[in-house]
Each structure stands twice: as structure tokens, then as C-alpha cells.
Amino acid sequence: MAVPPPTVRPLQPPAGSRINFGAQIDGIDLENLTDQQFATVRDALYHHHVIVFKNQQKLSPKAQYELTKRFDPASDNYGHGKALDAKRSILHPDLKTIPHQPQVQVIGNGFVPSYEGLENVQLKHPHHRTFHKDHIPDDKDYDFTRFYRWHIDAALYDLYPPQVTTLFAVNVPKGRRQTLLYDDGTGETLDVPLGTTAFVSGQQMFDGLSPKDQEFVRTSKIEYAPHPYIWMSSARSNSTGLGLHPEGLELPESKLPPIDKEKIMILPMVWKNPVTGKLAMQVHPSAIRRIHLADGTVIDDLRRVREIIYKLQRPAISPQYVYPHDWENGDLVLFNNRGVLHSVVGAFKPDEVRLFRQCNLAASEPPVGS
Ligand SMILES: [Fe+2]
């Protein structure tokens, strides 16, 4: 009997939403993905950017890794390489490596006695209190939340940004919702399920810019800080999670591990979609250091660099452009890491156990600009 072809259904945005991305794929066995099915998945990914597969409870870490790798067969190392060994990296506490599949990381919240070769794991969902300059008062912490940190999954030093990331929900505590506050004077808020992952489209970010700003981002490049996650370890974020507060708390180069100038990343601000050719504004706002203009001028003043990028990115994280995924056990979300920005959201109670697996691979090629 012939297997029916998989179906790709665009997500239905709720009333008032303006998101134009996201799709659900049904009818695919991810443990035994044929070349033809993978072609469908890849095409859907580059048209819809965030792909949801439901009821994947049986998905092995190996199959998750293989799906991720299929987007870039020459890649093999986890997206942050071994940089996470550096205990000073702000990413270090959030990730536990699966021993038999080291490209796959366990993330989440609460105590997990045993999972995939990891024993007695204490997970901690990143909380904005530890990263934002100011925070929601403790007595309101379970009702209100923020975007923790808008980002692209990328080491941004030595290693190229991964093509895709897969996020797999093993266990999701359900029930509560929270009100996400922007706390930036706009009064904007967003109703979100507990522990959502929030996505915005880099293509919508680019398309929403004025022609003059589009020209600017098409022709300028971003230089990222060396060892960015150690560099920013003392700095604090804006209340929107979109970039750092201009306080000058970044570590001086003398306090960083040795810097190899060759490994510093200078990347285009817009990255071209390999299937549609459309442009996405893809800048990791916390890690930016300098802007290189088309005429060779370099903007070195960090406060100004941050102001420029914030102004360009902020409109596209307004509530109507955000897709907050409502996680259920067994969801596998595959996203175009070169076409979206995403953020952790939410504040869990210590006994709310959330268990997720994440995989991405440092890419074999840099992103292509316009
Ligand atoms: Fe991420």
C-alpha cells in the first residue's frame, strides 16, 4: 500500500496577529525519513521557517541529530563547539550534553532523576532576573514574564551560525499562562503559555523597514565581539530582551581568553534564504560589537551600535509579529536559525519539571548576504 504524502499546513495565526510564518507537517516518520520526505521538509522549512511535528514521543536523540545534520551534511559539531566548557560562558549553566549523542543538549527546569544516560540532573529554566537590568517583582513572578534574550543560536566566534535548530519537548508542565511585559514604556504585552518559545521572522523584520533602512542593512556588516558569551557575562539586558543595556559592563579584552583575530565573525546583517532568495535581517543583538559600513567606515562606539540595531529590530518584536509556541509533550519544532530570532520565555516554580532536547550544528558555510 502506498504511503500517503506528508501534509504541510500553515499555522493559523490568532486574531490580531500579523505573523506570516510557521507550519505543521503531518504524516512523516522522523526515525525513517526518506530523501523525498526530507525534500518536502526542507522546502517547507525555507518557506515557513518554523515547522511543528506533533506526537513525536518516540523520537530518539540520534534521529533528532540526523534530521538536524541533514540540512548541512558537512557539519558535525554542536553549534557552540566546545566553547561551553568555558565555565564563564553565560550559556554554560543552561545546557547538559547527552553522553551518547554529544550534539544534543538537555535543557529545561526542575529535577530529573535519569534521562538518556544523564543521572540526577538539576535543570534551571533561564530567568530574566539573571540577565535583565531590572526585573519583575518576585510577588508577581508567576503571573508576569518577559522575553529572556532574543537571539540566533550561534557561537559567533570561530564557528558559523547553524542552519537549523531542533527543539523537542519530552515533558511540558501545562496549565498556567503568563502575561509577557515589554516594560519599555510602550505598554505592549503578550499573553503566553507557560514556558513558551517565542519566534519572530527575520524576513518580516527586514520587510518592515523603510527603503533607506533596508539599504543600510543590506550593505552593512556586523562585527561580533570575540568570545561573546564571556564578554557579555557581566552585562545586563534591556527589558525587552533585545540587546544589552548600554552600561559598559562587558569584559575588557584583557579578561577574555586569548583572541585569535581570524576567528572574529564579521557577518552580513541580512541573510539570504537558500530556497526563496528572500532576505532576513539576522543580527544577534546581545553580541554585536561594531558596524562596518559599505564605504569602509567602522562604527566603533558600542552605545551607538546598540542604538542603531535596537531601532531597526524593535518594531518586529511587537506582539503582532511574535509566534509563541504552545508546547505539548512530543512536539518537535524545527526552525530556520538563519531566518528567525527566538527567545526563551517564562518563570517556572522549582517543582515544575520541564524536559527538552535541543540540537544544532555549527554550519560548514557562512551565511550569504544580499
Ligand atoms: Fe536558542
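Which residue in S16 is the bridge partner of Tyr224? In this predicted model, where local features need pLDDT of at least 70, side-chain atom pairs count only at pLDDT 80 or more, and totals for chains, interfaces and linings use all residues, the partner is Ile288. Residues are numbered from 1 along each chain as its sequence is written.

The two residues belong to a pair of antiparallel strands, S12 (residues 221-224) and S16 (residues 288-292), joined by 4 bridges. Strands here are DSSP runs of E with at least two residues, helices are runs of H or I with at least four residues, and both are numbered from the N terminus. Two strands pair if DSSP finds at least two bridges between them.

S12 and S16 are part of an open sheet of 4 strands in the order S13-S12-S16-S17, with antiparallel pairing. S13 (266-268) and S17 (298-299) each have a single partner strand and stand at the edges, so one side of each is left without a neighbour in the sheet. Helix H6 (residues 302-313) lies across S16 and S17 and runs at about 80° to S16. That angle, on a scale from 0 to 180 degrees, is taken between N-to-C directions of axes, which are lines fitted to C-alpha atoms, for helices over the stretch in contact.

Tyr224 also has a place in the largest nonpolar core, which has 92 residues; Val50, Ile51, Val200, Tyr224, Val270 and Met281 touch the most other members. Strand S8 (residues 164-171) gives the most to this core, with 5 residues. Such a core is a set of buried Ala, Val, Leu, Ile, Met, Phe, Trp, Tyr and Cys residues joined through C-beta atoms within 7 Å. Buried means that 20 or more other C-beta atoms lie within 10 Å of the residue's own; 12 or fewer make it exposed, anything in between partly exposed, and C-beta atoms are placed from the backbone. In soluble globular proteins, nonpolar side chains tend to be buried together.

Leaving aside neighbours within four places in sequence, the contacts of Tyr224 are Leu156, Tyr157, Ile264, Met265, Ala287, Ile288 and Arg289; a contact requires C-beta atoms, placed from the backbone, within 7 Å. One of these residues, Leu156, is found in the loop between strand S7 (144-145) and S8. Its phi is near 60°, a positive value in a residue other than glycine. Leu156 counts as buried because it has 27 C-beta neighbours inside 10 Å.

Asn55 also has a positive phi, near 55°, and is not glycine. Asn55 is found in the loop between strand S3 (50-53) and helix H2 (61-70), and counts as exposed because it has 12 C-beta neighbours inside 10 Å.

S11 pairs in the antiparallel sense with S18 (residues 323-325) over 3 bridges, where Pro324 is the bridge partner of Ala198. S11 also pairs in the antiparallel sense with S20 (residues 340-344), over 5 bridges, and there Leu341 is the bridge partner of Val200.

Conventions
Contact = placed C-beta atoms within 7 Å.
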